[in-house]
Number of protein chains: 2
Amino acid sequence: MNDSKKDAAEAAVAQHSVPGVTVAAVEAGIRYADRSDLVALSFDEGTTAAAVFTRNAFCAAPVTVAREHLLACDFMPRLLLINTGNANAGTGERGLLAARHCCEEAAAVLGLDGSEVLPFSTGVIGEDLPTDRIVSALPKLFAARSPADWEKAALGIMTTDTRPKLGSRHFVVDGRTYVLSGMAKGAGMLRPDMATMLAFLTTDAAVTPDLLDTLLRRAVEMSFHRITVDGDTSTNDAVLLAATGAHGGPLCDDVDSELAKGFAAALESLCLELAQGLVRDGEGASKFVEIRVSGGRDEAECLDVAFTIAHSPLVKTALFAGDPNWGRLLAAIGRAGLVDLDVTGVRIFINNLIIAENGARAVDYVESEVAELMRGEDLQLGIELGRGDARARVWTSDFSYDYVRINAEYRS
Amino acid sequence: MNDSKKDAAEAAVAQHSVPGVTVAAVEAGIRYADRSDLVALSFDEGTTAAAVFTRNAFCAAPVTVAREHLLACDFMPRLLLINTGNANAGTGERGLLAARHCCEEAAAVLGLDGSEVLPFSTGVIGEDLPTDRIVSALPKLFAARSPADWEKAALGIMTTDTRPKLGSRHFVVDGRTYVLSGMAKGAGMLRPDMATMLAFLTTDAAVTPDLLDTLLRRAVEMSFHRITVDGDTSTNDAVLLAATGAHGGPLCDDVDSELAKGFAAALESLCLELAQGLVRDGEGASKFVEIRVSGGRDEAECLDVAFTIAHSPLVKTALFAGDPNWGRLLAAIGRAGLVDLDVTGVRIFINNLIIAENGARAVDYVESEVAELMRGEDLQLGIELGRGDARARVWTSDFSYDYVRINAEYRS
């Protein structure tokens, strides 16, 4: 490695490193050989945490156990133990025992209480978790922990993802510079209320669990809950936010403090980056599409319209084809369930170019112009409902042959 | 044609023919050459009718005009004028004028009032209806009318359908044999609340419009509203039921009469056959899947579960792959929004073979057995919720490469 490359590499490490956090990823052979599939995030004592989990009624064993442990450790976990290759979902009572067993074994090695370990799993549903392989790999995993290996960890939590999703923010409050780093995996089963999506965010600021919870929920609502690939949700979703306090600044418990505001802004920005990264890497995705709905009576109806469009297989296949098929957009808006919708007041835009109004194609519409726009990989669909001031944004991808191939071949 | 073939052909004609109804299909060149695209169903004077239309807020011009005309003619229309190749949807005010113009021209040729003509369109959205081609073809269309050409008419209303959907029922009441014949087109955009789906049913019984309306709504609820291909609905859906009374039997106005009961049974049976025929011919469909949900607290939650499964792209791609991926079924059930669902009480079956229970794979599950079952083209997914006595059935198809191909290529 030459010096400038080395500097760049060190800068990248410095960019992601969070005082009070060490990370590691190793090969445990859970389902596939020759890939990292067991990841640890260790936190210094005193670290606080908050989490948001799937709302799917069939939540996986690790979700149940992580919820229990987070309560039992008073929101001060010391270790996140994450595996891919097996979701430990649809495994009934045996799955709960398996998740608890791994936590106990990890805690024993590190001299922690079992409840200070939170388990996260993603991968195939309905197979028993190979606890032996995980437990055998723990010494190797813990020995590998370092402040630097964020990229490795972000690779280690991937399933059908094609690239790691990793980001950092530095925020300055009262002359102190704090860091916030996060990683996420997803790619399939994404949608509001999340999906087989895991995200882990850590900061060196000191924040109370209550305030972490408030800020995390707000950030998730505007990011991970506003993305969708296929409308399916998963049994294993989780977003965890931890604050180590290792920076040594004041403990933050006031949502109106400067630290809370600076942290919240960094958190919302990073969550949005990671969430959009999940959509860009969506299964078979060839387009990244922002759907902006404005002029609604309230945010809820804007979201209804946005998600109806985002979930329409006809719209998604047209996006894949680069076909400016505003008829399908119009049909999706029409079935979104809005009360008393005056269809003549609705206007549809692609990248700020009007394509439909008055219930018909826009007068200035030139198909070749719009088709040209749609060749881009990043698209904006704008819907003006013309009946209020509310607005909402949602991000999604298209439906391609590859989506079918990936999901016909992959046993999730 | 040899005699036995001739007899069979005559029997088929006799099977579909409905006294008081003549049908015709001709080539008007609306969008494609060398195919029938303009269809007429003519009714004798005194024929009564009822109709159910799309609930999409963006309803197409012909839907608006057919609704108006049905009211204006006191539910006694004389002609259905149906075109494919152009949906006359998303055409604003011009579309309404075009639909009315075609009705007026047809009425003038036949000596009817404009309101006695009901227009129906299916095909591309957002293009102006080529009224000149339709009007020019009217004399040829009307000259071609015969009691026999049901097969031709069923072919003439197709778009991406690969085969005509046509059926008949004979029902006997008080020693009189009545006939009910119907045709439908669909293939894409199907779902509850219907889709780009047109169905026309006629009987020679004499039934009041009010009773027709009651019986039609009931039959549609249990058939066309229980099918889905992709969850999208259309701007043009319509199901029309006409009763010519040409049989000469008594006028039926009592829902509890023997005639109403016999007619209702025939109607429900034929609607179900046509609806299932639409799913079997769904875009890119390689499987026909019945989803039976039982043990729900009420029918609504059974339907929520059934449609969540039926619309899940992950379930549909697994069906395409013949993959007994009960994990995806379980995840879909878990996100259907049921209050207080005890997931350990849920059982999942494929063709009566149990595959999941107690939140996990069934003890007796043998993957090779289930995979063998799933090679069949007709599948039943059974979901027992274990919390009540309500049940519901829904029919759907899988998601294949062909679905993407058809919808990426076809401008609807």
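**Exercise 1.** Does A:Lys185 count as buried or exposed, and what is its relative accessibility?

*Solution.* Before we start: this is a predicted model, where local features need pLDDT of at least 70, side-chain atom pairs count only at pLDDT 80 or more, and totals for chains, interfaces and linings use all residues. Residues are numbered from 1 along each chain as its sequence is written, and side-chain values use heavy atoms, leaving out hydrogens and water.

Step one: find A:Lys185 in strand β7 (residues 176-185) of chain A; strands are DSSP runs of E, at least two residues, numbered from the N terminus. Step two: check the cut-offs, with buried under 20% relative accessible area, exposed over 50% and partly exposed in between (1.4 Å probe, protein chains only). Step three: A:Lys185 has 0% relative accessibility, so it counts as buried.

**Exercise 2.** Work out how A:Thr159 compares with those cut-offs, and what UniProt says about both residues.

*Solution.* A:Thr159 sits in the loop between α5 (150-156) and β6 (165-173) of chain A. Its relative accessible area is 21%, so A:Thr159 is partly exposed. An unreviewed UniProt entry places the feature "binding site" at positions including A:Thr159 and A:Lys185; such annotations may be inferred rather than shown by experiment.

**Exercise 3.** Describe the contact between chain A and chain B.

*Solution.* Start with who takes part: 53 residues from chain A and 53 residues from chain B, contact meaning heavy atoms within 4.5 Å. Next, count the salt bridges between the chains: 2. Here that's a side-chain nitrogen of Lys or Arg within 4 Å of a carboxyl oxygen of Asp or Glu. A:Arg361 forms one with B:Glu127, with the closest N and O atoms 3.8 Å apart.

Conventions. Chains are lettered from A and ligands numbered from 1 in the order in which they are written. Helices (H or I, at least four residues) and strands (E, at least two) are DSSP runs, numbered from the N terminus.
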